[in-house]
Amino acid sequence: MLHMNLIDGQPRAGGEEIANINPSDTSDTLGLYAFAAAADAEAAVQAARAAQPGWWDAGPQARANVLDAVGSALIARKDEIGRMLSREEGKTLAEGIGETLRAGQIFKFFAGEAVRMSGDHLRSLRPGIDVDVGREPVGVVALITPWNFPISIPAWKTAPALAFGNAVILKPAELTPACAHLLGELITAAGAPPGIFNLLMGRGDLLGPALLDHPGVDAVSFTGSVATGRSVAQSAARSLKRLQLEMGGKNPCVVMDDADLDLAVEATANGAFVSTGQRCTASSRIIVQRGIYEQFTERLIARMQKYRVGNALAEETQIGPVVSDRQLQSNLSYVELAKKEGCEVIGGDRLSRDTDGFYQGPAVFLGATNRMRVSREEIFGPCAAILQVDDLDEAIAMANDTEFGLASSIMTSSLRSAQEFKRRSQVGMVNVNLPSAGVDYHVPFGGRKASSYGPREQGRTAVDFYTLWKTAYTFAG
Ligand code: ADP
């Protein structure tokens with residue numbers, strides 16, 4: 001069956017038909033997906049522009065009802081949708097189901113936010129005049145999403161966009177159109193008027209410019225790589241579009257001598273290897289204090305080697321395949337680079353399993369320094385550089401010595417070290433005695449430096465990107 005784009009409430013074929021391949025088993029495909037052409041982007045913008053004012057005028061309850069129904073459908077169907085997600089992206093079944101549940105909860109949270117949207121009423125400085133300060137939708141927003149959280153990232157962009165009265169054009173990653181397509185079905189079934197949510201599946205280098213250069217698109221929210229983010233920013237600046245970018249990380253996890261060893265091993269292993277390391281908040285630099293170094297690395301390696309890597313849909317699997325052959329080749333080239341740069345590499349080999357998929361064992365790069373490319377570039381695979389430091393000051397300096405600033409973590413039993421790290425860590429999200437990965441939806445998500453640009457996503461701060469302020473003065477006469 002051909003899965004089509006969604007424009008103005010209607011299915012629409014595209015320029016190409018692409019098979020959606022299961023990374024755990026390349027003989028299995030999820031079906032054919034219609035990849036849109038530039039002309040389809042034009043139609044999507046027209047539809048969104050026409051529909052948006054009515055969606056805002058329909059009022060908060062109407063918007064909340066649609067979002068709540070989408071949330072309920074995601075939650076009720078989490079097992080089936082989660083399975084499809086795992087088949088498409090390769091994360092384990094438990095993670096696929098968990099991510100679907102999370103997406104449902106996000107829609108429900110923003111159903112409430114639609115109703116709670118607020119402003120201010122003040123007296124003017126001039127007698128007899130009232131001032132209302134209120135929020136209005138930005139208009140038409142283009143949402144460009146990556147493959148690693150194929151349902152929750154589209155959800156955490158789409159839900160606030162719709163809650164606050166915008167019309168959406170979603171451009172999901174090439175590798176994961178099925179989750180976005182499903183989201184389109186649920187939003188339509190929930191009663192969203194035609195044109196409010198449009199889906200353009202297909203190639204970023206084609207559809208990206210078609211949306212970014214279009215004067216009918218008011219704002220762009222992008223999650224992906226730094227290189228693509230930079231080019232998105234340049235295009236958005238040319239037409240003065242409102243912009244939000246979430247990009248990479250090279251997130252440090254500091255392990256101090258006084259850490260609870262069991263907790264530290266579990267948190268760093270989880271942060272580095274779970275989800276095949278394909279999280280922008282993954283712990284890819286593990287910075288260990290000298291006194292605990294030998295004991296910790298020995299335990300971490302033992303823990304790493306216990307992970308069961310395999311078919312994402314198999315019950316016993318703890319780490320699924322890499323998402324694609326291209327990503328696998330990139331990961332393997334970093335494993336080779338680590339050796340060339342002088343690290344002792346444990347793990348990281350390509351693995352074969354019963355089904356033909358993109359399997360790779362998790363890896364640590366021992367003896368890394370923070371100058372090496374493997375400590376500076378985001379790999380986006382199950383690989384972590386292990387670095388050694390003498391004390392907290394050196395650990396903090398090393399943690400901050402990176403182009404990125406998304407998430408960080410410290411493992412310590414010292415309140416002083418924890419406080420110091422929280423204060424001085426140059427990131428958007430800092431964790432104490434927790435992995436660097438793992439976030440809640442009701443609080444801000446985002447980073448600093450090359451990791452993020454523009455207002456924060458999620459939580460109560462999401463409204464800042466998806467609305468504009470209007471100050472209205474009234475003189476009753
Ligand atoms: P990755 O390398 O992990 O695929 P990308 O940053 O290339 O990360 O992809 C993130 C999203 O950006 C995807 O939906 C992709 O299709 C899209 N994209 C790729 N190139 C462009 C571009 N030139 N303009 C806009 N979006 C793009």
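## Briefing on Gly139, the cysteines and the overall fold

Leaving aside residues up to four places away in sequence, Gly139 touches Gln52, Asn166, Ala167 and Asp218, where a contact means heavy atoms within 4.5 Å. This is a predicted model, in which local features need pLDDT of at least 70 and side-chain atom pairs count only at pLDDT 80 or more, while totals for chains, interfaces and linings use all residues. Residues are numbered from 1 along each chain as its sequence is written, and side-chain values use heavy atoms, with hydrogens and water left out.

- Gly139 sits in the loop that lies between β7 (129-137) and β8 (140-144); strands (E, at least two residues) and helices (H or I, at least four) are DSSP runs, numbered from the N terminus.
- With a relative accessibility of 3%, Gly139 counts as buried, a term that means under 20% relative accessible area, as against exposed at over 50% and partly exposed in between (1.4 Å probe, protein chains only).
- Although Gly139 and Asn166 are 27 residues apart in sequence, their C-alpha atoms are 5.0 Å apart in space.

**Cysteines**

- The structure holds zero disulfides, a disulfide being a pair of cysteine sulfur atoms within 2.5 Å.
- The closest cysteine sulfur to that of Cys179 belongs to Cys280 and is 17 Å away, which is too far for a bond.
- Cys383 is likewise in no disulfide, since the nearest cysteine sulfur, in Cys343, is 11 Å away.
- Cys179 counts as buried because its relative accessibility is 0%, and Cys383 counts as buried at 3%.

**Overall fold**

- The chain contains 15 helices and 25 strands.
- Its radius of gyration is 23 Å, close to the 23 Å that the globule rule gives for 477 residues, so the chain is as compact as a globular protein of that length; the radius is taken over C-alpha atoms, and the rule is 2.2 Å times the number of residues to the power 0.38.
- Along its principal axes, the C-alpha trace spans about 75 × 60 × 40 Å.
- Of contacts between residues at least 6 apart in sequence, 72% join residues at least 24 apart.

**Burial and surface**

- Among the 477 residues of the chain, 57% count as buried.
- The chain exposes about 18,800 Å², of which carbon and sulfur atoms supply 52%; accessible areas come from the Shrake-Rupley method with a 1.4 Å probe, and for residues only the protein chains shown count as cover.
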